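Please keep the sequence and the 3D view open as you read.

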Amino acid sequence: EEGASPKGPEGVVSRGRNISTPNPYGAAAALGRSGSSGAPREALSPLTPNLPSGFIFKLVMHATLGCPHYIGLNGLELYDENGCVIEFDASNVAAEPVASINDMPDVAARGGDVRTLDKLYDALNDTFDDNHMWLTPFDPDTPTTLYIHFREPITISMLKVWNYAKTPNRGCAACSVYMDDALLFEGDLRQSPSRTDSAATLLDMCQSILFSQDADLLAREANHIFQPGDVKLQLFNDNVPVSCPKTPTNRPGTSVVGQ
């Protein structure tokens with residue numbers, strides 16, 4: 001059932017080190033981002049394991065790209081050791097502490113919202129259409145966690161993430177990736193372009209995180225690997241540039257028509 005909160009094992013983040021096979025491409029380089037909403041991130045060693053396997057994939061989202069109230073994604077995809085997409089559906093996926101904004105009483109009272117967990121795997125990710133996005137309330141003190149449970153162990157070579165695009169400052173700024181409670185990656189995610197950004201016309205918004213040392217895979221995904229640096233963040237409200245409030249206020253309402 002969508003929205004069920006599995007009692008998966010809690011991950012222990014060992015800050016500053018990953019015990020894993022080095023990835024010579026540095027795809028997992030992680031730097032702190034002072035402009036995000038949430039705890040500051042420490043720089044970590046650019047290491048990722050090679051072709052990790054397990055039953056429970058977990059994505060922990062620690063900070064937004066500026067919004068203190070909501071966090072979301074357009075979609076995500078997992079790829080196996082052969083480069084094929086690993087299928088999952090509502091029976092596999094859950095999120096906590098809140099599955100989506102549909103769990104908010106005011107949203108439920110007005111008939112619900114389309115930005116639910118199933119949009120993460122509808123394969124319509126390079127979009128500004130919020131009919132194909134997931135959004136959930138965000139609390140800087142409580143990371144938002146996505147779980148994907150599998151009945152049989154899977155092996156992953158790559159994770160593709162599409163950050164929230166309708167209001168880009170609601171995207172995920174910093175995340176950790178686990179497989180069966182083993183830390184695979186900790187780092188930053190790229191902000192989606194705004195609808196008015198010239199880059200948006202390309203509609204190629206994904207970021208790839210590699211768990212493989214295959215040179216052909218690296219060559220194909222080179223343009224999708226985010227190397228964090230001195231990134232200037234621009235916040236948007238329905239594609240109008242805004243500044244982020246220094247302190248959170250009461251969580252504003254959100255809707256498909258609005259935000």
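## Positive phi angles in the loops

Ala-123 is exposed, at 56% relative accessible area; here exposed means over 50%, buried under 20%, and partly exposed in between, using a 1.4 Å probe and protein chains only. Ala-123 sits in the loop between α1 and β4, and its phi is positive, about 70 degrees, although the residue is not a glycine. Before going further, please note that this is a predicted model, in which local features need pLDDT of at least 70 and side-chain atom pairs count only at pLDDT 80 or more, while totals for chains, interfaces and linings use all residues. Residues are numbered from 1 along each chain as its sequence is written, and side-chain values use heavy atoms, with hydrogens and water left out.

Asp-181 is another residue other than glycine with a positive phi, near 75 degrees. Asp-181 lies in the loop between β7 (172-179) and β8 (182-188) and counts as partly exposed, at 27% relative accessibility.

## The chain as a whole

The chain has 2 helices and 11 strands; these are DSSP runs numbered from the N terminus, with helices being H or I of at least four residues and strands E of at least two. Along the sequence, the pattern reads β-β-β-α-β-β-β-β-β-β-α-β-β.

Of the 259 residues in the chain, 52% are buried. Among contacts (heavy atoms within 4.5 Å) with a separation of 6 or more, 79% come from residues 24 or more positions apart.

## An open sheet

Which strands make up the open sheet? The order is β4-β2-β6-β9, with antiparallel pairing; two strands pair if DSSP finds at least two bridges between them. The edge strands, each pairing on one side only, are β4 (134-137) and β9 (206-210).

Strand β6 (residues 158-163) is joined to β9 by 5 bridges, and these two run antiparallel.

## Salt bridges

How many salt bridges does a search of the whole structure find? There are 5, a salt bridge being a side-chain nitrogen of Lys or Arg within 4 Å of a carboxyl oxygen of Asp or Glu. Lys-58 is buried, with a relative accessible area of 4%.

Asp-130 and Lys-166 form another salt bridge, with the closest N and O atoms 2.4 Å apart. Asp-130 lies in the loop between α1 and β4 and Lys-166 in the loop between β6 and β7, so the pair ties together parts 36 residues apart in sequence. Both Asp-130 and Lys-166 are buried. Lys-119 and Asp-118 also meet through their side chains, at 3.3 Å from N to O; Lys-119 is buried at 12% relative accessible area, whereas Asp-118 is partly exposed at 26%.

The peptide bond from Glu-96 to Pro-97 is cis, with omega near 10 degrees. Pro-97 is in the loop between β3 (93-96) and α1 (105-109).

Ser-194 belongs to the loop between β8 and β9 and is buried, with a relative accessible area of 3%. Ser-194 and Thr-167 are 27 residues apart in sequence, and their C-alpha atoms are 7.7 Å apart in space.
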